[in-house]
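Hello,

Here is the structure I promised to pass on. Please have it open while you read, and my notes follow below it.

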Amino acid sequence: MDESPSFAASFDDPRITSQFCRRVTGAAGDYYLLGVVHDHPASVARVERVLESVDPDTLALELPTAALPLYRAYAREGTDETPPRFGGEMSAAISAAPDATTVGIDAPNWSFLRRLVTRLIADRVSTTTARRVISSLGGATREALTCRLAATLTHATSMTVACDDPIEYGCEHTDPPTEQAAHERSHVASVQALLGSVQTADSALTYRDETREHCMIDRLEALRATTDGAVVAVIGVDHLETIADGLSA
């Protein structure tokens, strides 16, 4: 992988480290990848600070396209001093890069469905696994459509419609950066340890998430090939390593 370790080090901020922030050089050009923990204050601050510095031409978010209007509505509530109430790091990213072209790179979409069905058939998965994959897709599709409906209601009324409540952590946006960073690292380590103890090989979750990652890599490569400016992607930290490797391959 062709990384620039000096990029994260160029920020005097403990929340911006190579664990969460990468500049990757691929065949089509450079990408800035920001790994995040949903709604965590350290992730929100990291996204805001990096985007203020990079000023991207394209902002790619780990969201389905159908959810973008809602997060744009959330972003309008943000200020220079306070992040948006809803949408966590995703709406904060939109608010911090108002001039960027914002795109959703996550499933569900037709590219994802085609790739997933092709893999399930090629691997001759069991009926049980196939049913679990389809069930998880149904949930993701319902969530995306709910976001679209919430965005429509938000635009049509004077109130902000929230799809879910922000996740509460043991730290706040007002806490010192060192405390936010330490809490986020501890949280990520705990989650990774838990996931590492669970056997997920050939599971429905593995099929879904690996296919999502391949589709996000394809989408980012296509975006990089059609824009001259910086491309910044905000993605879950668990996807960061795989997507960085895929883009630099």
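This is a predicted model: local features need pLDDT of at least 70, side-chain atom pairs count only at pLDDT 80 or more; totals for chains, interfaces and linings use all residues.

**A serine in helix 4**

Let me start with Ser-91: a polar atom of its side chain lies 2.6 Å from the backbone oxygen of Phe-86.

Residues are numbered from 1 along each chain as its sequence is written, and side-chain values use heavy atoms, with hydrogens and water left out.

Ser-91 sits in helix 4 (residues 88–96). Helices (H or I, at least four residues) and strands (E, at least two) are DSSP runs, numbered from the N terminus. Is Ser-91 buried or exposed? Ser-91 is buried, with a relative accessible area of 0%. Here buried means under 20% relative accessible area, exposed means over 50%, and partly exposed is in between (1.4 Å probe, protein chains only). Setting aside neighbours within four places in sequence, Ser-91 touches Tyr-71, Tyr-74, Ala-75, Pro-84 and Phe-86, where contact means heavy atoms within 4.5 Å.

**The chain as a whole**

The chain has nine helices and five strands. Along the sequence they follow the pattern α-β-β-α-β-α-α-β-α-α-α-α-β-α. Of the 249 residues in the chain, 46% are buried. Among contacts between residues at least 6 apart in sequence, 77% join residues at least 24 apart. The chain exposes about 12600 Å², with carbon and sulfur atoms supplying 51% of it; the areas come from the Shrake-Rupley method with a 1.4 Å probe, and for residues only the protein chains shown count as cover.

**Helix 9**

Helix 9 (residues 237–248) has 12 residues and reaches 17 Å from its first C-alpha to its last, close to the 16 Å expected at 1.5 Å a residue. That expected span is 1.5 Å times one less than the number of residues. Which residues of helix 9 are buried? They are Val-237, His-239, Leu-240, Ile-243, Ala-244 and Leu-247. These residues lie on the same side of helix 9, because they cover an arc of only 135° around the axis; the arc is that of the directions from the helix axis to the C-beta atoms. An α-helix has 3.6 residues a turn, so residues three or four places apart point the same way. The buried residues of helix 9 pack against strand 1 (21–26), strand 2 (29–36), helix 7 (177–196), helix 8 (204–225) and strand 5 (231–236).

**Salt bridges**

I count a salt bridge when a side-chain nitrogen of Lys or Arg is within 4 Å of a carboxyl oxygen of Asp or Glu. The whole structure holds 13 of them.

One joins the side chains of Arg-115 and Asp-218 (2.2 Å, N to O). Arg-115 lies in helix 5 (residues 110–123) and Asp-218 in helix 8, so this pair ties together parts that are 103 residues apart in sequence. Arg-115 is partly exposed at 31% relative accessible area, and Asp-218 is partly exposed at 35%.

Arg-119 has a salt bridge with Asp-123, their closest N and O atoms being 3.5 Å apart. Both lie in helix 5, four residues apart, about one turn of the helix. Arg-119 also pairs with Glu-210, where the closest N and O atoms are 2.8 Å apart. This second pair links distant parts of the chain, with Glu-210 in helix 8 and Arg-119 in helix 5, 91 residues apart. Elsewhere, salt bridges that share partners join Glu-62, Asp-106, Arg-208, Asp-209 and Arg-212 into one network.

**Two aspartates with positive phi**

Most residues other than glycine have a negative phi. Asp-39 has a positive phi of about 75°. Asp-39 lies in the loop between strand 2 and helix 2 (41–54) and counts as buried at 11% relative accessibility. Asp-55 has a positive phi of about 50°. Asp-55 lies in the loop between helix 2 and strand 3 (58–61) and is exposed, with a relative accessible area of 56%.

Best wishes

Definitions and conventions: A polar contact is a pair of N or O atoms within 3.5 Å; within protein, one must be able to donate a hydrogen and the other to accept it, and residues adjacent in sequence count only if both atoms are side-chain atoms.
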